[in-house]
Amino acid sequence: MAKGLGKGLDALFKDLRPENNSTVEDISVKEIRPNPHQPRKIFNEEAIDELKQSIESHGILQPIVLRKSIKGYEIVAGERRFRAAQAAGLKEVPAIVKELTEEQMMELALLENLQREDLTVMEEAAAYQLIMDKLKITQAELAARIGKSRPHIANYVRLLGLPAEIQTFIAEEKLSMGHARALLGLKHKKQQNEAAIKAVAEGWTVRQMEVWIRKLNDNVSRETKPVKKDVFIIDREEALRAKFGTSVQIRQSKNGKKGKIEIEYMSADDLNRILEMLDQE
(Lines give C-alpha, C1' and ligand atoms only; values in the text may rest on other atoms or scores of the structure.)
Protein backbone atom coordinates (compact mmCIF):
# COMPACT_ATOMS: atom_id res chain seq x y z
CA MET A 1 0.00 0.00 0.00
CA ALA A 2 1.24 3.48 -0.86
CA LYS A 3 2.42 5.61 2.01
CA GLY A 4 0.89 8.94 2.97
CA LEU A 5 -2.76 8.21 2.21
CA GLY A 6 -5.57 10.43 3.43
CA LYS A 7 -6.67 9.97 7.04
CA GLY A 8 -8.22 6.56 7.49
CA LEU A 9 -7.96 5.64 3.80
CA ASP A 10 -5.12 3.14 4.22
CA ALA A 11 -7.08 1.26 6.90
CA LEU A 12 -10.23 1.42 4.77
CA PHE A 13 -8.42 -0.03 1.77
CA LYS A 14 -7.23 -2.99 3.88
CA ASP A 15 -10.75 -3.44 5.29
CA LEU A 16 -12.08 -3.95 1.75
CA ARG A 17 -10.19 -7.22 1.44
CA PRO A 18 -12.47 -10.25 1.90
CA GLU A 19 -10.07 -11.94 4.35
CA ASN A 20 -10.56 -9.07 6.81
CA ASN A 21 -13.98 -10.28 8.01
CA SER A 22 -15.90 -8.22 5.44
CA THR A 23 -19.42 -9.50 4.74
CA VAL A 24 -19.80 -10.85 1.21
CA GLU A 25 -23.27 -10.57 -0.37
CA ASP A 26 -24.72 -11.76 -3.66
CA ILE A 27 -25.91 -8.66 -5.53
CA SER A 28 -28.02 -8.63 -8.69
CA VAL A 29 -26.02 -7.54 -11.75
CA LYS A 30 -28.97 -5.36 -12.81
CA GLU A 31 -28.58 -3.24 -9.66
CA ILE A 32 -24.91 -2.45 -10.28
CA ARG A 33 -23.53 0.40 -12.34
CA PRO A 34 -19.94 1.52 -13.11
CA ASN A 35 -18.05 3.93 -10.88
CA PRO A 36 -18.64 7.45 -12.26
CA HIS A 37 -15.10 8.30 -11.09
CA GLN A 38 -13.42 5.32 -12.78
CA PRO A 39 -10.10 6.71 -14.08
CA ARG A 40 -9.57 3.82 -16.51
CA LYS A 41 -11.36 4.53 -19.81
CA ILE A 42 -9.88 1.74 -21.93
CA PHE A 43 -10.67 -1.90 -21.08
CA ASN A 44 -8.77 -4.60 -22.96
CA GLU A 45 -11.45 -6.79 -24.55
CA GLU A 46 -9.10 -9.76 -24.85
CA ALA A 47 -8.32 -9.60 -21.12
CA ILE A 48 -12.05 -9.32 -20.35
CA ASP A 49 -12.73 -12.41 -22.45
CA GLU A 50 -9.99 -14.38 -20.66
CA LEU A 51 -11.47 -13.36 -17.30
CA LYS A 52 -14.94 -14.34 -18.54
CA GLN A 53 -13.68 -17.85 -19.36
CA SER A 54 -12.08 -18.10 -15.91
CA ILE A 55 -15.34 -17.02 -14.25
CA GLU A 56 -17.29 -19.60 -16.27
CA SER A 57 -14.91 -22.30 -15.02
CA HIS A 58 -14.20 -21.23 -11.45
CA GLY A 59 -16.60 -18.40 -10.58
CA ILE A 60 -15.58 -14.99 -9.20
CA LEU A 61 -12.75 -15.63 -6.73
CA GLN A 62 -12.45 -12.05 -5.41
CA PRO A 63 -15.65 -10.11 -4.53
CA ILE A 64 -16.40 -6.79 -6.17
CA VAL A 65 -16.46 -3.76 -3.86
CA LEU A 66 -19.64 -1.65 -4.08
CA ARG A 67 -21.11 1.48 -2.57
CA LYS A 68 -24.86 1.81 -1.98
CA SER A 69 -26.29 4.63 -4.07
CA ILE A 70 -29.75 6.15 -4.50
CA LYS A 71 -30.50 3.64 -7.26
CA GLY A 72 -28.76 0.34 -6.63
CA TYR A 73 -24.99 0.17 -6.23
CA GLU A 74 -21.87 1.80 -7.70
CA ILE A 75 -18.63 -0.10 -8.30
CA VAL A 76 -15.70 1.04 -6.16
CA ALA A 77 -13.25 -1.67 -7.22
CA GLY A 78 -13.57 -4.60 -9.63
CA GLU A 79 -15.14 -3.15 -12.77
CA ARG A 80 -13.22 -5.55 -15.00
CA ARG A 81 -14.56 -8.51 -12.99
CA PHE A 82 -18.06 -7.04 -13.29
CA ARG A 83 -17.78 -6.67 -17.07
CA ALA A 84 -16.53 -10.25 -17.39
CA ALA A 85 -19.39 -11.48 -15.17
CA GLN A 86 -21.89 -9.70 -17.43
CA ALA A 87 -20.27 -11.28 -20.50
CA ALA A 88 -20.52 -14.69 -18.80
CA GLY A 89 -24.26 -14.15 -18.25
CA LEU A 90 -24.16 -14.15 -14.43
CA LYS A 91 -27.30 -12.84 -12.73
CA GLU A 92 -25.59 -12.12 -9.41
CA VAL A 93 -22.04 -11.37 -8.30
CA PRO A 94 -20.38 -11.68 -4.86
CA ALA A 95 -19.71 -8.24 -3.45
CA ILE A 96 -18.64 -6.31 -0.36
CA VAL A 97 -20.87 -3.27 0.25
CA LYS A 98 -19.27 -0.31 2.05
CA GLU A 99 -20.44 3.13 3.14
CA LEU A 100 -18.05 5.51 1.44
CA THR A 101 -17.94 9.24 0.87
CA GLU A 102 -17.52 10.60 -2.65
CA GLU A 103 -13.97 11.57 -1.71
CA GLN A 104 -13.06 8.06 -0.48
CA MET A 105 -14.63 6.48 -3.56
CA MET A 106 -12.57 8.63 -5.94
CA GLU A 107 -9.31 7.96 -4.11
CA LEU A 108 -9.89 4.22 -3.77
CA ALA A 109 -10.70 3.87 -7.47
CA LEU A 110 -7.49 5.71 -8.36
CA LEU A 111 -5.40 3.72 -5.89
CA GLU A 112 -6.67 0.37 -7.12
CA ASN A 113 -5.77 1.20 -10.69
CA LEU A 114 -2.37 2.65 -9.76
CA GLN A 115 -1.47 -0.45 -7.77
CA ARG A 116 -2.48 -2.74 -10.64
CA GLU A 117 -0.73 -0.42 -13.13
CA ASP A 118 -3.93 -0.52 -15.20
CA LEU A 119 -3.94 3.12 -16.29
CA THR A 120 -2.47 4.62 -19.43
CA VAL A 121 -0.29 7.70 -18.97
CA MET A 122 -3.12 10.02 -20.04
CA GLU A 123 -5.72 8.27 -17.86
CA GLU A 124 -3.43 8.72 -14.87
CA ALA A 125 -2.91 12.40 -15.70
CA ALA A 126 -6.66 13.00 -16.11
CA ALA A 127 -7.41 11.16 -12.85
CA TYR A 128 -4.99 13.34 -10.91
CA GLN A 129 -6.52 16.51 -12.36
CA LEU A 130 -10.09 15.31 -11.72
CA ILE A 131 -9.41 14.56 -8.05
CA MET A 132 -7.67 17.91 -7.53
CA ASP A 133 -10.60 19.74 -9.16
CA LYS A 134 -13.30 17.79 -7.31
CA LEU A 135 -11.66 17.86 -3.89
CA LYS A 136 -10.12 21.32 -4.38
CA ILE A 137 -6.68 20.18 -3.27
CA THR A 138 -3.18 21.05 -4.53
CA GLN A 139 -0.68 18.80 -6.24
CA ALA A 140 1.31 18.58 -3.00
CA GLU A 141 -1.79 17.53 -1.03
CA LEU A 142 -2.75 14.89 -3.60
CA ALA A 143 0.81 13.55 -3.65
CA ALA A 144 0.77 13.12 0.14
CA ARG A 145 -2.62 11.37 0.05
CA ILE A 146 -1.73 8.75 -2.55
CA GLY A 147 1.94 8.23 -1.72
CA LYS A 148 3.46 9.82 -4.84
CA SER A 149 5.98 12.66 -5.09
CA ARG A 150 4.72 16.12 -6.07
CA PRO A 151 6.99 16.25 -9.16
CA HIS A 152 5.45 12.93 -10.27
CA ILE A 153 1.95 14.44 -10.09
CA ALA A 154 3.10 17.64 -11.80
CA ASN A 155 4.85 15.82 -14.65
CA TYR A 156 1.67 13.88 -15.45
CA VAL A 157 -0.72 16.84 -15.14
CA ARG A 158 1.44 18.93 -17.50
CA LEU A 159 0.69 16.41 -20.26
CA LEU A 160 -2.93 17.62 -20.27
CA GLY A 161 -1.64 20.88 -21.78
CA LEU A 162 -0.48 19.07 -24.92
CA PRO A 163 -2.68 19.13 -28.06
CA ALA A 164 -5.42 16.47 -28.23
CA GLU A 165 -3.72 14.60 -31.09
CA ILE A 166 -0.53 14.19 -29.08
CA GLN A 167 -2.50 13.05 -26.03
CA THR A 168 -4.06 10.36 -28.23
CA PHE A 169 -0.60 9.24 -29.40
CA ILE A 170 0.48 8.93 -25.76
CA ALA A 171 -2.70 7.10 -24.72
CA GLU A 172 -2.18 4.63 -27.58
CA GLU A 173 1.48 4.22 -26.53
CA LYS A 174 2.73 5.51 -29.88
CA LEU A 175 4.65 8.13 -27.89
CA SER A 176 6.15 7.65 -24.44
CA MET A 177 6.33 9.88 -21.39
CA GLY A 178 9.89 10.75 -22.47
CA HIS A 179 8.67 11.91 -25.90
CA ALA A 180 5.99 14.01 -24.22
CA ARG A 181 8.47 15.70 -21.85
CA ALA A 182 10.66 16.56 -24.84
CA LEU A 183 7.69 18.06 -26.70
CA LEU A 184 6.87 20.24 -23.71
CA GLY A 185 10.32 21.83 -24.13
CA LEU A 186 9.52 23.21 -27.58
CA LYS A 187 9.65 27.01 -27.70
CA HIS A 188 7.03 27.29 -30.44
CA LYS A 189 4.07 25.27 -29.15
CA LYS A 190 2.51 25.26 -32.63
CA GLN A 191 5.34 22.95 -33.74
CA GLN A 192 4.39 20.24 -31.21
CA ASN A 193 1.91 18.46 -33.50
CA GLU A 194 4.32 18.50 -36.43
CA ALA A 195 7.12 17.01 -34.33
CA ALA A 196 4.82 14.39 -32.77
CA ILE A 197 3.40 13.23 -36.12
CA LYS A 198 6.90 12.95 -37.58
CA ALA A 199 8.11 11.00 -34.52
CA VAL A 200 5.25 8.49 -34.76
CA ALA A 201 5.57 8.08 -38.54
CA GLU A 202 9.33 7.48 -38.37
CA GLY A 203 9.40 5.58 -35.08
CA TRP A 204 11.72 8.01 -33.29
CA THR A 205 13.37 7.17 -30.00
CA VAL A 206 13.23 9.76 -27.20
CA ARG A 207 16.83 10.70 -28.03
CA GLN A 208 15.93 11.35 -31.67
CA MET A 209 12.99 13.49 -30.52
CA GLU A 210 15.26 15.52 -28.24
CA VAL A 211 17.77 16.12 -31.07
CA TRP A 212 14.99 17.27 -33.42
CA ILE A 213 13.53 19.62 -30.82
CA ARG A 214 16.96 21.05 -30.10
CA LYS A 215 17.29 21.92 -33.80
CA LEU A 216 13.86 23.57 -33.84
CA ASN A 217 14.68 25.58 -30.70
CA ASP A 218 18.08 26.57 -32.12
CA ASN A 219 16.33 27.88 -35.23
CA VAL A 220 14.11 30.04 -33.01
CA SER A 221 17.22 31.36 -31.23
CA ARG A 222 18.87 32.28 -34.52
CA GLU A 223 15.75 34.17 -35.59
CA THR A 224 15.91 36.37 -32.50
CA LYS A 225 19.64 36.61 -31.83
CA PRO A 226 22.23 35.14 -34.19
CA VAL A 227 24.67 33.95 -31.53
CA LYS A 228 26.59 30.71 -32.11
CA LYS A 229 26.62 28.57 -28.99
CA ASP A 230 29.40 26.31 -27.84
CA VAL A 231 28.68 22.61 -28.46
CA PHE A 232 29.07 21.92 -24.73
CA ILE A 233 26.45 24.58 -23.91
CA ILE A 234 24.03 23.12 -26.45
CA ASP A 235 24.51 19.66 -24.94
CA ARG A 236 23.89 21.01 -21.41
CA GLU A 237 20.73 22.79 -22.55
CA GLU A 238 19.42 19.54 -23.99
CA ALA A 239 20.19 17.66 -20.75
CA LEU A 240 18.43 20.32 -18.66
CA ARG A 241 15.36 20.30 -20.92
CA ALA A 242 15.10 16.54 -20.51
CA LYS A 243 15.55 16.81 -16.73
CA PHE A 244 13.02 19.59 -16.10
CA GLY A 245 10.60 18.77 -18.92
CA THR A 246 10.44 22.35 -20.13
CA SER A 247 12.32 24.89 -22.27
CA VAL A 248 15.77 25.80 -20.88
CA GLN A 249 18.16 28.39 -22.30
CA ILE A 250 21.79 29.03 -21.29
CA ARG A 251 22.73 32.56 -22.32
CA GLN A 252 26.39 33.64 -22.31
CA SER A 253 27.90 37.09 -22.37
CA LYS A 254 30.04 38.08 -25.38
CA ASN A 255 33.26 37.24 -23.56
CA GLY A 256 31.80 33.88 -22.45
CA LYS A 257 32.84 34.40 -18.83
CA LYS A 258 29.36 34.86 -17.39
CA GLY A 259 25.74 34.37 -18.32
CA LYS A 260 22.41 33.07 -17.08
CA ILE A 261 20.20 29.99 -17.21
CA GLU A 262 16.53 30.56 -18.06
CA ILE A 263 14.04 27.82 -17.13
CA GLU A 264 10.51 28.28 -18.46
CA TYR A 265 7.52 27.40 -16.29
CA MET A 266 3.85 27.34 -17.30
CA SER A 267 2.03 27.90 -14.00
CA ALA A 268 2.52 28.34 -10.26
CA ASP A 269 2.36 24.57 -9.78
CA ASP A 270 4.92 24.10 -12.54
CA LEU A 271 7.24 26.59 -10.84
CA ASN A 272 6.89 24.74 -7.54
CA ARG A 273 7.65 21.46 -9.32
CA ILE A 274 10.91 22.88 -10.72
CA LEU A 275 11.90 24.47 -7.41
CA GLU A 276 11.31 21.18 -5.64
CA MET A 277 13.54 19.40 -8.13
CA LEU A 278 16.25 21.99 -7.53
CA ASP A 279 15.94 21.56 -3.75
CA GLN A 280 16.58 17.83 -4.16
CA GLU A 281 19.95 18.44 -5.85
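Modeller: The account below begins with the chain, turns to the charged pairs, and ends with their surroundings.

This is a predicted model, in which local features need pLDDT of at least 70 and side-chain atom pairs count only at pLDDT 80 or more, while totals for chains, interfaces and linings use all residues. Residues are numbered from 1 along each chain as its sequence is written, and side-chain values use heavy atoms, with hydrogens and water left out.

The secondary structure comprises 13 helices and seven strands; these are DSSP runs numbered from the N terminus (helices H or I, at least four residues; strands E, at least two). Of the 281 residues, 44% count as buried. Buried means under 20% relative accessible area, exposed means over 50%, and partly exposed lies in between (1.4 Å probe, protein chains only). The chain exposes about 15,500 Å², of which carbon and sulfur atoms supply 50%; areas come from the Shrake-Rupley method with a 1.4 Å probe, and for residues only the protein chains shown count as cover.

The structure holds eight salt bridges, each defined as a side-chain nitrogen of Lys or Arg within 4 Å of a carboxyl oxygen of Asp or Glu. One of them joins Lys198 to Glu202, at 2.9 Å from N to O. Both residues belong to helix α10 (residues 192-202), where they stand four residues apart, about one turn of the helix. Lys198 is classed as partly exposed because its relative accessible area is 27%, and Glu202 is likewise partly exposed, at 46%.

A further salt bridge connects Arg251 and Glu262, with the closest N and O atoms 3.0 Å apart. This pair links distant parts of the chain, since Arg251 is in strand β6 (residues 248-252) and Glu262 in strand β7 (residues 259-263), 11 residues apart. With a relative accessibility of 33%, Arg251 counts as partly exposed; Glu262, at 32%, does so too.

Salt bridges with shared partners also join Arg33, Arg67 and Glu74 into one network. Arg67 and Glu74 are both buried.

Glu45, Glu46, Asp49, Glu50 and Glu56 form a patch of negative charge on the surface. Patches are made of residues with over 30% relative accessible area and no salt bridge, with like charges joined within 9 Å and nonpolar side chains (Val, Leu, Ile, Met, Phe, Trp, Tyr) within 5 Å. Glu56 is in helix α2 (residues 45-58) and, with 47% relative accessibility, is partly exposed. Gly89, which follows α3, has a positive phi, near 80°.

Conventions
Lys, Arg positive; Asp, Glu negative; His and termini not counted. Charge placed at Lys NZ, Arg CZ, Asp CG, Glu CD.
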